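Here's a quick briefing to read with the model open. Have a look at the sequence and structure first, then work through the notes by topic.

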Amino acid sequence: MTNIFPVQTMPFLTSSTEDPFLKKKMAQRTAQHQLRKLHTIEEIEGSIATVDSTRFINFSSNDYLGLSQHPHLIQRAEEYLRKYGTGAGASRLISGNHLFHIELEQALAHCYGSEAILLFNSGFQANSTLIPALIDRDGALFADRSCHSSIVHGAVHSQAQLFRYRHQNLDHLEELLYKHSESFSRILILTETLFSMEGDVTDIDRLQQLAEKYRAHLYVDDAHALGVIGRDGMGVAAFKPEISYRIGTFGKAFGSFGAFIACSNETKDYLVNFCKGFIYTTALPPSVIGAAMGAVELIPSLANERRELLRLAHLLREGLKARKLQTIDADSQIVPWVIGEEEEGIRCAEELKALGILTTVIRPPTVARGMTLIRFTLTKHHNETHIRQLLKAIDGCSFLARMGI
Ligand SMILES: *Cc1c(COP(=O)(O)O)cnc(C)c1O
C-alpha cells in the first residue's frame with residue numbers, strides 16, 4: 001500500500017521555529033528561572049518512579065489510594081469498555097447521554113450526599129466553565145488567594161468583580177464581604193477544601209456561617225479531599241447539601257479521570273442549559289465511567305488505608321518540626337516543607353532528587369512571595385521506611401547547614 005501521507009506534502013513539519021512572540025515569552029521565562037519542562041515517567045511501580053532510567057521514591061503523586069492500579073477499577077473499566085466501546089459518541093445533549101453516565105451520577109449522589117450530580121470531563125473544565133455559568137458581570141466573587149488556576153480562570157472569564165482574600169484568612173474574607181457585599185445582587189465565595197499546595201483544610205463551618213450572613217453562595221473544590229478525608233472518605237464537603245456548589249475530581253484519589261459538581265436538581269437543570277463546558281464537549285467514555293464507578297464502590301471500605309495514610313503524613317510533619325523546619329499543620333496527606341526563598345527551594349528539590357527523592361517545588365505565583373515550598377504528597381504505596389528515607393535525605397540538604405540546623 002502506498003503511503004497516503006508522503007512527507008513532502010506536509011510542509012508544516014519543516015516550519016520555522018522562529019516565532020518572535022513565543023521566543024520573547026520563553027526568554028522571559030528562562031530569565032526568571034521558571035521554564036517548565038516535561039519529564040517522562042518511564043515506569044511506576046508502587047512508590048518507585050523511574051525517570052531518565054533513574055529510580056526515585058515518588059513523593060509527588062495524587063494517586064493517594066493507589067487506585068489507578070487497583071484490580072477492581074481495572075476490572076470495572078474493562079467491563080464497561082467491552083460492553084459499551086471506546087467512546088460516548090457525542091455530547092450528552094446530542095446522543096452521548098448513556099445509561100452508564102446516569103448510573104454513575106446516581107451512585108455519586110448517594111455516596112457524596114447530594115440531590116444531584118452532573119459529570120464533567122475534568123476538574124479544569126468544570127471550574128473554568130461552571131463559574132462563568134453561575135455568575136455574570138453584576139455579581140462578585142470572593143476567592144482564597146491560593147485557589148487552583150482553574151478556579152481563577154473561571155472567575156476571570158465570568159467578568160464578575162473578583163476579590164481575593166489572604167490564604168485561609170477568613171477574617172480578611174469577612175472584612176471584604178462586610179465592605180463590598182451590599183453592592184452586589186449575587187455573591188459566590190470560592191475555595192478549595194483541602195488546599196492542593198499548602199495541604200491545609202479550610203474551616204467549612206465558619207465559611208458556611210459567613211455565606212449565610214452575607215447572602216453568598218459557597219463554591220468549594222473538594223478535589224484533594226475526595227477519597228481521603230471526611231465521612232466515608234468522600235471529602236470535606238460530602239453530605240453538606242447546604243453548600244450550593246461542590247466540585248469533585250476523579251483524577252486524584254479516584255485513580256482515573258473526570259469530575260463532577262454536586263448541586264440541587266434546579267442547578268443541574270440550569271447547568272445543562274447554560275454551562276458551555278458541559279454542553280459543547282463529548283461525554284466521558286465508558287471505560288472512564290467504569291473506573292469511577294469502581295472507585296465509588298471501593299472508597300467507603302478503605303478506612304484503614306486512609307488512617308495509615310494520615311498517620312504517615314503526621315509522622316512526616318513531626319519529623320520536619322523536630323528539625324525546626326517549617327510546615328503547615330493539618331490532618332492531610334499533603335505535607336509542605338515551607339522553605340521561603342525561591343532559589344533555596346529549587347536547590348533543595350535538586351539536592352533531594354540527587355538523593356533519590358522525587359518532589360515538586362511550588363513557587364510564586366502559585367504561592368505567595370517568600371512562601372516557596374516543597375510539597376510531599378503521600379500515597380498508599382508509602383510506608384514508615386520511605387518516610388525515614390525522606391527525612392534522611394532532607395538532613396542531607398545544604399539548606400539545613402546554612403540555617404544552622
Ligand atoms: C487537580 C485539580 C483540579 C483539576 O482537575 P483535573 O481533573 O485534573 O483537571 C481542579 N481543582 C483542584 C483544586 C485541583 O487540585
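Which helix gives the most to the shell around the ligand? That's helix α5 (residues 123-134), with three residues; helices here are DSSP runs of H or I with at least four residues, strands are runs of E with at least two, and both are numbered from the N terminus. Keep in mind that this is a predicted model, where local features need pLDDT of at least 70, side-chain atom pairs count only at pLDDT 80 or more, and totals for chains, interfaces and linings use all residues. Residues are numbered from 1 along each chain as its sequence is written, and side-chain values use heavy atoms, with hydrogens and water left out.

**Around the ligand**

- The ligand is surrounded by 13 residues, and the closest are Gly 123, Phe 124, Asp 221, His 224 and Lys 252; a residue is near the ligand if one of its heavy atoms lies within 4 Å of it.
- By type, the shell splits into two nonpolar, eight polar and three charged residues. In that scheme Ala, Val, Leu, Ile, Met, Phe, Trp, Tyr, Cys and Pro count as nonpolar, Asp, Glu, Lys and Arg as charged, and the others, Gly among them, as polar.
- On its own the ligand has 380 Å² of accessible area, and the protein covers 85% of that. Accessible areas come from the Shrake-Rupley method with a 1.4 Å probe, and for residues only the protein chains shown count as cover.

**More on Asp 221**

- Asp 221 is found in strand β8 (residues 217-221).
- Asp 221 counts as buried because its relative accessibility is 6%; buried means under 20% relative accessible area, exposed over 50%, and partly exposed in between (1.4 Å probe, protein chains only).
- Asp 221 and Ile 261 are 40 residues apart in sequence, and their C-alpha atoms are 9.1 Å apart in space.

**Aromatic rings**

- Searching the whole structure turns up 13 aromatic pairs. Rings of Phe, Tyr and Trp (its six-membered ring) pair if their centres lie within 6.5 Å; planes under 30 degrees apart count as stacked, over 60 as edge-to-face and the rest as tilted.
- Phe 250 and Phe 254 are a stacked pair, because their ring centres are 5.3 Å apart and their planes are at 25 degrees.
- Phe 250 is buried at 0% relative accessibility, and Phe 254 is buried at 0% too.
- Trp 337 and Phe 399 pair edge-to-face, with 5.9 Å centre to centre and 70 degrees between the planes.
- Trp 337 sits in strand β11 (residues 334-340) and Phe 399 in helix α15 (residues 398-402), so this pair ties together parts 62 residues apart in sequence. Both Trp 337 and Phe 399 are buried.
- One aromatic cluster is made up of Tyr 112, Phe 250, Phe 254 and Phe 260.
- Arg 231 has its charged end over the ring of Phe 239, 3.6 Å from the ring centre; the test is NZ of Lys or CZ of Arg within 6 Å of the ring centre and within 35 degrees of the ring normal.

**Ser 114 in its loop**

- Ser 114 lies in the loop between α4 (99-112) and β4 (116-120), and is buried, with a relative accessible area of 13%.
- A polar atom of the Ser 114 side chain lies 2.7 Å from the backbone oxygen of Ala 116.
- The backbone nitrogen of Cys 263 lies 3.3 Å from a polar atom of the Ser 114 side chain.

- Pro 364 and Pro 365 are joined by a cis peptide bond, with omega about 10 degrees. Pro 365 belongs to the loop between β13 (360-362) and β14 (372-377).
- Gln 159 isn't a glycine, yet has a positive phi of about 70 degrees; look for Gln 159 in the loop between α6 (149-158) and β6 (161-165).
- Gln 168, also not a glycine, has a positive phi of about 60 degrees. Its place is the loop between β6 and α7 (170-180), and at 21% relative accessibility Gln 168 counts as partly exposed.

Key: Polar contact = N/O pair within 3.5 Å; in protein donor to acceptor, adjacent residues only side chain to side chain.
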